[in-house]
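Let's take a walk through this model, one stop at a time. Have the viewer ready and follow along.

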Amino acid sequence: MRTLVMALSLTFLLAAPVLAQQGSALQVGIAYNYLHTNAPPKGCGCFSMNGGNGSAAWRLSSRFALSGEIGVTRATNVTPDGDDLTLTNFLFGPRFYILSGTSQPEHFHHGLAPFAQVLAGGVHASGTLSGNSSGSSNGFAFAAGGGLDESLSRHIALRLFQPEYLYTHIPNGSNNHQNNFSISSGLVIRF
């Protein structure tokens with residue numbers, strides 16, 4: 001994890017002169033997040049979680065950005081015993097924009113902006129279903145997916161949807177990994 005943080009920091013430092021020349025933009029977003037997870041052991045044991053996420057993307061060109069997301073989802077009364085679970089994800093990685101019509105940065109704010117991304121980082125689980133007697137555990141997380149932003153103006157867009165596969169590796173009393181599906185929708189502000 002320390003190596004990942006150091007690599008991302010170095011990338012941002014080296015990219016700063018390029019950003020100044022290209023007039024690139026910082027984007028921040030906030031969104032509602034629905035997560036379908038299979039955290040309990042023995043078969044699927046699937047249940048739904050609700051929460052939100054915050055994101056930031058530092059656009060390096062019209063088609064490429066470095067992205068980071070922090071998401072928190074929670075479910076209560078998952079089992080008849082009233083077990084609960086809160087998952088907090090910290091993910092970073094590349095985002096690729098699929099632009100229609102033009103690839104010039106000054107036209108980025110027009111219309112629809114579809115994107116794909118691959119993010120990796122960590123997950124923190126807390127609650128009675130966290131897989132640890134202490135009530136919390138940490139592990140690896142990986143997300144792959146994409147989304148679609150609809151520009152309302154030069155500085156504001158709606159994130160219409162962002163579906164992603166989310167892999168988490170936290171203790172669950174069985175195989176210690178979870179294959180989850182996440183979808184989010186919200187607001188994006190561009191600077």
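Is Ser137 buried or exposed? Keep in mind that this is a predicted model. Ser137 has a relative accessible area of 6%, and since anything under 20% counts as buried, Ser137 is buried. You'll find Ser137 in strand S6. If you skip its neighbours within four places in sequence, its contacts are Val123, His124, Ala125, Ser130, Asn132, Ile170 and Pro171.

Two numbers describe a pair of aromatic rings: the distance of the centres and the angle of the planes. Searching the whole structure turns up three aromatic pairs. One of them is Phe140 with Tyr167, at 6.4 Å centre to centre and 55° between the planes, so the pair counts as tilted rather than edge-to-face, which takes over 60 degrees. This pair ties together distant parts of the chain: Phe140 belongs to strand S6 (residues 136-151) and Tyr167 to strand S7 (residues 156-169), 27 residues apart. Phe140 is partly exposed, with a relative accessible area of 41%, and Tyr167 is partly exposed too, at 21%.

Elsewhere, a charge meets a ring: Arg95 lies over the face of Phe115, 4.3 Å from the ring centre.

S1 (residues 26-37) and S2 (residues 47-59) run antiparallel, joined by 12 bridges, and Ile30 stands opposite Gly54 in S2. S2 also pairs with S3 (residues 64-75), again antiparallel, through 10 bridges. Here Asn53 stands opposite Gly71 in S3. With four residues between them, S2 and S3 make a hairpin.

Definitions and conventions: Residues numbered from 1 in each chain as written. Predicted model: local features only at pLDDT ≥ 70, side-chain atom pairs only at ≥ 80, totals over all residues. Heavy atoms only, no water. Phe/Tyr/Trp six-rings, centres within 6.5 Å; stacked < 30°, edge-to-face > 60°. Helix = DSSP H or I, 4+ residues; strand = E, 2+ residues; numbered from the N terminus. Buried < 20%, exposed > 50% of the residue type's maximum accessible area, 1.4 Å probe, protein only. Lys NZ or Arg CZ within 6 Å of the ring centre and 35° of its normal. Contact = heavy atoms within 4.5 Å. Pairing = 2+ DSSP bridges.
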